[in-house]
Amino acid sequence: RVWLFPRGHLSIVAADPGLGKSMLMAAAAADLSVGLPVCGGRAEAPRRVLYLNGEAGRSLFDTRFRLGQWRFDPDRLKAVHLEDAETAVVPLDLDTTGGKETLQLLVEAHRPDLLVVDSLVAFSGADQNDAQVMVSIARGLRTLAHEKGVAVVLVHHFRKRGLRDRGTALDLNEIQGSNGLLKLAALVVGIEPREIEGAGGEKE
């Protein structure tokens, strides 16, 4: 187990755009690399993390680390930026043979405890409603996790409109695309905003 995520399995972290799922995972990756309490929680031994960044871009990714003053070990935390891969014409699409081979080589080279793929939409141009393709992607990541003993986390999105818009609780059916992806995940974490009642009864 690496923080919340079981080794040898695929996990999914999902939220609406702008809710901070990428920042959460990047902060967790930094903490894990130096053995700090993860996001203020439980401390564990330093871990090796391979972070595939396709959401923020290199500049914003680095800015988040600087502004957040996140300590990290550059020998244990390796970030691979999609824009750099595209510039170098290196395939990283999860739905292509070339992309899967590149990911395999990256994992073998870095030997991470945790692999973060941020996000599905960034690293696959396939139709997310295509169950066959989504199952193939999930199966590939799950196999990689099992063979290498890695905890794999796929960052994903909710649908644009869902059950929350009608005032109901968060539901896995709100996760974007085919549910074939979810069936192969050992853990699914959904992130949503919550109102907190202050001491004076006001909502925050």
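Here are some numbered notes on this predicted model, moving from the sheet and its helices to individual side chains.

1. Let's start with the sheet. Six strands make up an open sheet with parallel pairing, and their order is E3-E2-E4-E5-E1-E6. From one strand to the next, the twist averages 15 degrees.

2. Strand E2 (residues 49–53) pairs with E4 in the parallel sense, over five bridges. Asn53 has Asp118 of E4 standing opposite. Asn53 comes up again in point 6, where its side chain makes a polar contact with that of His81.

3. Two helices to view against the sheet are H1 and H4. Helix H1 (residues 21–34) lies across E1, E2, E3, E4, strand E5 (151–157) and E6, and runs at about 155 degrees to E2. H4 also packs on the sheet, where it touches E2, E3 and E4, and its direction makes about 150 degrees with that of E2.

4. Helix H6 (residues 131–148) is worth a careful look. Its 18 residues reach 26 Å from the first C-alpha to the last, close to the 26 Å expected at 1.5 Å a residue. Buried residues in H6 are Met134, Val135, Ile137, Ala138, Leu141, Leu144 and Ala145. The cover over these buried residues includes E1, H4, E4, helix H5 (120–123), E5 and helix H7 (180–183).

5. Both ends of H6 have something to show. The N-terminal end is capped by Asp130, with a side-chain oxygen 3.1 Å from the backbone nitrogen of Gln132. After H6 comes Gly149, whose phi is positive, near 65 degrees.

6. Is His81 buried or exposed? His81 counts as buried because its relative accessibility is 4%, under the 20% cut-off. Its side chain makes a polar contact with the side chain of Asn53 at 2.9 Å. Leaving aside residues up to four places away in sequence, His81 touches Asn53, Gly57, Arg58 and Phe61.

7. On to charged pairs: a search of the whole structure finds six salt bridges. One of them joins the side chains of Arg7 and Asp113, at 2.7 Å from N to O. This pair links distant parts of the chain, 106 residues apart: Arg7 is in the segment before strand E1 (10–15), and Asp113 is in the loop between helix H4 (97–110) and strand E4 (114–118). Arg7 is partly exposed, with a relative accessible area of 30%, whereas Asp113 counts as buried at 15% relative accessibility.

8. Finally, Arg42, Glu44 and Arg47 are linked in a network of salt bridges. Which residue do the two arginines share? It is Glu44: Arg42 forms a salt bridge with Glu44, with the closest N and O atoms 3.7 Å apart, and the side chains of Arg47 and Glu44 meet at 3.1 Å, N to O. Arg42 is exposed, with a relative accessible area of 51%, while Glu44 counts as buried at 10% relative accessibility. Arg47 is buried, as is Glu44.

Conventions. Residues are numbered from 1 along each chain as its sequence is written. This is a predicted model: local features need pLDDT of at least 70, side-chain atom pairs count only at pLDDT 80 or more; totals for chains, interfaces and linings use all residues. Side-chain values use heavy atoms; hydrogens and water are left out. A salt bridge is a side-chain nitrogen of Lys or Arg within 4 Å of a carboxyl oxygen of Asp or Glu. Helices (H or I, at least four residues) and strands (E, at least two) are DSSP runs, numbered from the N terminus. Buried means under 20% relative accessible area, exposed over 50%, partly exposed in between (1.4 Å probe, protein chains only). A polar contact is a pair of N or O atoms within 3.5 Å; within protein, one must be able to donate a hydrogen and the other to accept it, and residues adjacent in sequence count only if both atoms are side-chain atoms. Contact means heavy atoms within 4.5 Å. Two strands pair if DSSP finds at least two bridges between them. Axes are lines fitted to C-alpha atoms, for helices over the stretch in contact, and angles run from 0 to 180 degrees between N-to-C directions. The expected span of a helix is 1.5 Å times one less than its number of residues.
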